[in-house]
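Thanks for coming, everyone. I have one model to walk you through today. Please have a look at it first.

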Amino acid sequence: MINAVLVFNNSGQPRLTKFYTQLDTSVQQRLISEIFTLVSNRPASACNFLPLPPLLAPAPSTSSSSEPTDHSDTPTSITYRHYATLYFILISTSTESPLALLDLIQVFVESLDRLFNNVCELDLIFNFEAMHACLAEMVVGGVVVETRVQEIVKGVRESGKGSVRGKEQSMGSVGGVGRGMWAGR
C-alpha cells in the first residue's frame, strides 16, 4: 500500500502532498521536512530507496489493546526519483515492490509530460488540479489502479479537471501570434 505521495522542488517547497493514511498535520509537516532533508542530501549515485525515518516508525504499544495491529499497512520505506528540479517521493509498506514503485513514479511523470506537453514546475503550480486528477487516476486509497499512460491521460482529459495548456498554447498559434499566458514559452 502507498501511504503518501510527495513532490518537492529543489528548494524543499512541496508541490504535491497526498497522504493515504491518517496523520496529524504537525506530523505531516515534520515528515515532509525530514524526508526532503534525507532525499536532497543523498548523492546522485545513491540508490533511490530509503528506510523509514524515525518519525514514522511504529511506536511501541504502551496500552494493552484488544484489537490486533496490522503490520502490513505500516509504512516502512521511501522510494524516490529526482527529475530536473523536482523530487517525486512515495512512502509505502513492505508489501509494495520498490522497483514497481520506481516504475509508478516514471508513469506519473510520463502522464504529466503528456498532459502538459513537456511538463515543468510551473505547470504543476498553475495546474495543480490536473496533477491531482492524474494521481487520482493512478492511485485510489493507496492502491495502484492504473499504470497505462494513455488511459491515465484520457481519464484526466475526460474528467475536465484543471485547464491543461495545449500544444498551440505552448508553441504559439499558427499565425505567429501567441495566445494565453504560455505564449513564447
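Which residues line the largest cavity? Hold that thought for a moment. One caution first: this is a predicted model.

Now the list. The largest cavity is lined by Val5, Phe88, Ile89, Leu90, Leu104, Ile105, Phe108, Leu135, Met138 and Val139. Sort them by class and you get 10 nonpolar, no polar and no charged residues. The space inside comes to about 60 Å³. The structure holds one cavity of 30 Å³ or more. Where does the lining come from? At least two residues each are supplied by β5, α2 and α4. In residue numbers, α2 covers 98–116, and α4 covers 128–138.

Let me step back to the whole chain. The protein has six helices and seven strands. Along the sequence, the pattern reads β-β-α-β-β-β-α-α-α-β-β-α-α. There are 185 residues, and 39% of them count as buried. Now take the contacts between residues at least 6 apart in sequence. Of those, 57% join residues at least 24 apart.

Next, the sheet. What is the order of its five strands? The order is β2-β1-β5-β4-β3. The sheet is open, and the pairing is antiparallel. Two strands stand at the edges: β2, residues 14–19, and β3. Each has a single partner strand, so one side of each has no neighbour in the sheet. From one strand to the next, the twist averages 15°.

Phenylalanine 49 has threonine 79 in β4 as its bridge partner. Proline 51 stands opposite serine 77, again in β4.

On to β4 and β5. How many bridges join these two? Eight, and the strands run antiparallel. β5 covers residues 86–93. For a landmark, find histidine 82, which stands opposite tyrosine 87 in β5. β4 and β5 form a hairpin, with two residues between them. Look at alanine 84 in that turn: its phi is positive, about 45°.

Stay at that turn, please. Ala84 also lines the second largest pocket. Others in that lining include Tyr83, Thr85, Leu86 and Phe88. By class, its lining has eight nonpolar, two polar and two charged residues. β5 and α2 each supply at least two of the lining residues. Which element gives the largest share? That is α2, with three residues.

α4 lies across β1 and β2, running at about 35° to β2.

To close, back to the opening question. The lining of the largest cavity draws on β5, α2 and α4, with at least two residues from each. By class, that lining has 10 nonpolar residues. That's the tour. Over to you.

Conventions: Residues are numbered from 1 along each chain as its sequence is written. This is a predicted model: local features need pLDDT of at least 70, side-chain atom pairs count only at pLDDT 80 or more; totals for chains, interfaces and linings use all residues. Side-chain values use heavy atoms; hydrogens and water are left out. Two strands pair if DSSP finds at least two bridges between them. Helices (H or I, at least four residues) and strands (E, at least two) are DSSP runs, numbered from the N terminus. On a 1 Å grid over the protein atoms alone, a cavity is a set of points where a 1.4 Å probe fits but cannot get out, and a pocket is an open set with protein on both sides within 12 Å along at least five of seven lines; lining residues have an atom within 4 Å of a point. Ala, Val, Leu, Ile, Met, Phe, Trp, Tyr, Cys and Pro count as nonpolar, Asp, Glu, Lys and Arg as charged, and the others, Gly among them, as polar. Grid points are joined across faces, edges and corners, and a volume is the space filled by probe spheres set on the points. Axes are lines fitted to C-alpha atoms, for helices over the stretch in contact, and angles run from 0 to 180 degrees between N-to-C directions. Contact means heavy atoms within 4.5 Å. Buried means under 20% relative accessible area, exposed over 50%, partly exposed in between (1.4 Å probe, protein chains only).
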